[in-house]
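Subject: Structure for your review

Hello,

Here is the structure I promised to pass on. Please look it over alongside the notes below.

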Amino acid sequence: MQSKFDIPAISTGDILREMAKEETQLAKEIREFMSKGELVPDKIVIEILKEKLAEDVSKNGFILDGYPRTLGQAKALENFTRNDAIIRLRVPEWILVERLSSRRICKACGAVYNIRFLKPKNPGICDKCGGQLYQRIDDTPKLIKERLKVYERQTRPLIEYYKGKVPFVESNTEKIDIPPDIAVAEIIKGLKKLNLPLKGKLG
Ligand SMILES: [Zn+2]
């Protein structure tokens, strides 16, 4: 997705997972929330995003991945940037559970695989860079269920919050074995229709 736009994607989840590896009190707290499938508190996440946006990444726009997850985060965002569009991926719960529980991610380049539907050519090895694939610690059936509950409670209200305020670009997935490229193509089509002031290439 990111390479199609020529603008950076900022994943607060990835940043938090990196931070969680450190040996600090903050890292320990982050690990505790994640190991329960809970969201890391707004105060921490907002601070991380603020620092990231203060770096040189935001001149030509950016994609936020996994942010905002709460109303508090959405309101904070309004204080430091403009939100041109919301990308909403609509996926039935059973597909999410299936996909997340068989997801594997490359340690080196972040490419995402699925040991059932999008297998790497060699088990455990990234097709793109030869890196090692791993499973996220929260991609277990129990924690996936918990994360879905947290989504319903804390994140779903954002749909109402943004309705009529910010345009939505939607992708609907109804089948489990559809390659991600198809959803990406659908989103790019939707974004083009919005005529956003994006620099660089779009699709
Ligand atoms: Zn890789």
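Leaving aside neighbours within four places in sequence, which residues is I46 in contact with? The answer is Q73 and A76. Bear in mind that this is a predicted model.

First, confidence. The mean pLDDT of the chain is 89. Of its residues, 94% reach 70 or more. Among the elements, helix α8 (residues 157-162) has the highest mean pLDDT, at 97. Helix α1 (residues 2-5) has the lowest, at 60. Please read α1 with that value in mind.

Next, the overall fold. The chain has nine helices and seven strands. Its C-alpha atoms fill a box of roughly 40 × 40 × 30 Å along the principal axes. The radius of gyration is 17 Å. A compact globule of 203 residues would have a value near 17 Å, so the two agree. Of the 203 residues, 15% count as buried. Take the contacts with a separation of 6 or more: 66% of them join residues 24 or more positions apart.

Now the cores. The largest nonpolar core has twelve residues. They are I10, L16, A20, I30, M34, L39, V40, V45, I46, L49, L64 and Y67. Two or more of these residues come from each of α3 (25-35) and α4 (42-54). Helix α4 gives the most, with three residues. There is also a second, separate core of five residues. Among its members are I105, Y113, C126 and L133.

Then helix α9, residues 180-193. How far apart are its end C-alpha atoms? They are 21 Å apart. At 1.5 Å a residue, the 14 residues should span 20 Å, so the distance agrees with expectation. Just after α9, N195 takes a positive phi of about 50°.

When you open the model, I would begin with I46. This residue belongs to the largest nonpolar core, and its contacts include Q73 and A76. After that, turn to α9 and to N195, which comes just after this helix.

Best wishes

Conventions
Residues numbered from 1 in each chain as written. Predicted model: local features only at pLDDT ≥ 70, side-chain atom pairs only at ≥ 80, totals over all residues. Helix = DSSP H or I, 4+ residues; strand = E, 2+ residues; numbered from the N terminus. Expected span 1.5 Å × (residues − 1). Core = buried A, V, L, I, M, F, W, Y, C linked by C-beta atoms within 7 Å. Buried ≥ 20, exposed ≤ 12 C-beta atoms within 10 Å, placed from the backbone. Contact = placed C-beta atoms within 7 Å. Rg over C-alpha atoms; globule rule 2.2 N^0.38 Å. pLDDT = per-residue confidence, 0-100.
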